[in-house]
Amino acid sequence: MSEKNEERKRTARDRLVQQREQDRARERRRRTLIVSTAVVGVLALAAVIGLIAANAGKNDEDSDAGPAVTPSGATGKDGLAIQVGADDAPSTLTIWEDFRCPVCAQFENAFRGTIAELADSGRIKVEYHLATIIDGNLGGDGSLRAANAAACAQDVGRFAPYHDVLYRNQPAESDDAFGDNGKLIELAGKVDGLDTAAFRSCVQDGTHDSWVEKSSKAFTSGGFQGTPTALLNGESIFPKKGDEEISVAHLEKWVAEANKGRKPGTVTATPSAS
């Protein structure tokens, strides 16, 4: 009987040892899997970073392909602003926009009339800056192509009405319709006197492409959060100023407060869309 007990004990010990060895083996495999997964993650991250760096380098090379041709009458630092309104207006509304940006279109549709009235009455001048962030986010080149076309319109003093036409006819964000120069030229027909041989050549040749890319780089380096960005005398007012949400009434009030005791600027007539 004692021999049988001893045999059972040895069998139990052997099973315990075997179980411990199996547990150790599973733990080693688990640790190996964790380390392997971490390594794969690091390599994948490195690959993404490398791709981003490669694309950034490519963009830099593309931007250096030709000199930046500044649109006629562009103002501000490095000539990157397109101004609408009187030079001597008491306040400046700075707007950064992307023609493919749907929120920019919403902003324009909500405040276009108010901004035009404030500019036409000499209370503000508007400085438009163009960016191409949607091209970078979704692919395509509609932001660039539309911005170049708008700069071409600026060359003949038709920026403001063409700018408005582009936003009134903005395609869906994922639709790169503005990447077609033919579409941009077609829309120019909605602005009196814009669809000319010179304008068509400027659009098709991408005359201001490098200037647009320079402007978009200034947007990125400026640390802005997104488009549209709207600043009244350098202070952000979109989507709110302080604790007040932007609205037509608030925008008019903010301009009145900024202009208190100051005379309106001298306004000259500007062309409009047909």
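This note goes through a predicted model point by point, from its overall make-up to single residues.

1. Overall make-up. The protein contains nine helices and seven strands. It has 274 residues, and 38% of them count as buried. Among contacts with a separation of 6 or more, 76% are between residues 24 or more positions apart.

2. The sheet. Five strands form an open sheet in the order β1-β3-β2-β4-β5, and the pairing is mixed. The edge positions belong to β1 (82–84) and β5 (235–236); each has a single partner strand, so one side of each has no neighbour in the sheet. As background, strands of a sheet pair through backbone hydrogen bonds, in either a parallel or an antiparallel way.

3. The pairing of β1. Strand β1 pairs with β3 (residues 124–130) in the antiparallel sense, over three bridges. Within this pairing, V84 stands opposite V126 of β3. Helix α5 (residues 159–168) packs on the sheet and touches β1, β2 (91–97) and β3. The direction of α5 makes about 100° with that of β1.

4. The disulfide. How many disulfides does a search of the whole structure find? It finds one, and this disulfide joins C152 to C202, with an S to S distance of 2.1 Å. C152 belongs to helix α4 (residues 142–155) and C202 to helix α7 (residues 197–205), so the pair ties together parts that are 50 residues apart in sequence. A disulfide is a covalent bond between the sulfur atoms of two cysteines. The torsion about the S-S bond of C152 and C202 is about -80°, so this disulfide is left-handed. C152 and C202 are both buried.

5. Two further cysteines. C101 has a relative accessibility of 3%; because buried means under 20%, C101 counts as buried. C104 is buried as well, with a relative accessible area of 0%.

6. The nonpolar core. The largest nonpolar core has 51 residues, of which F99, I115, Y162, L166 and F199 touch the most other members. Helix α4 supplies the largest share of this core, eight residues. Leaving aside residues up to four places away in sequence, Y162 touches A149, A150, A153, L184, L187, A188, V191, L194 and F199.

7. Helix α9. Which residues of helix α9 (residues 248–258) are buried? L251, W254 and V255 are buried there. Looking down the axis of α9, the buried residues fall within an arc of 95°, so they line one face of the helix. The elements that cover them include α2 (102–120), β3, β4 (229–232), β6 (240–241) and β7 (244–245).

8. The cis bond at P228. A cis peptide bond joins T227 and P228, with omega of about 0°. P228 is placed in the loop between α8 (209–221) and β4, and T227 is also found in the loop between α8 and β4. Is T227 buried or exposed? T227 has a relative accessible area of 12%, and because the cut-off for buried is under 20%, T227 is buried. Not counting residues up to four places away in sequence, T227 touches W96, E97, D98, C101, V103, C104, A131, I133 and F219. Two of these names, C101 and C104, were described above as buried.

9. The cis bond at P239. F238 and P239 are joined by a cis peptide bond, with omega of about 5°. P239 has its place in the loop between β5 and β6.

10. Positive phi at D78. D78 is not a glycine, yet its phi is positive, at about 60°. This residue lies in the loop between α1 (2–63) and β1. With a relative accessible area of 47%, D78 is partly exposed; the label applies because the value lies between the limits of 20% and 50%.

11. Positive phi at N233. N233 is not a glycine either, and its phi is positive, at about 55°. N233 is found in the loop between β4 and β5. Its relative accessible area is 42%, so N233 is partly exposed.

How values were computed: Residues numbered from 1 in each chain as written. Predicted model: local features only at pLDDT ≥ 70, side-chain atom pairs only at ≥ 80, totals over all residues. Heavy atoms only, no water. Pairing = 2+ DSSP bridges. Helix = DSSP H or I, 4+ residues; strand = E, 2+ residues; numbered from the N terminus. Contact = heavy atoms within 4.5 Å. Axes fitted to C-alpha atoms, helices over the stretch in contact; angles between N-to-C directions. Disulfide = S-S within 2.5 Å. Buried < 20%, exposed > 50% of the residue type's maximum accessible area, 1.4 Å probe, protein only. Arc of directions from axis to C-beta. Core = buried A, V, L, I, M, F, W, Y, C linked by side-chain atoms within 4.5 Å.
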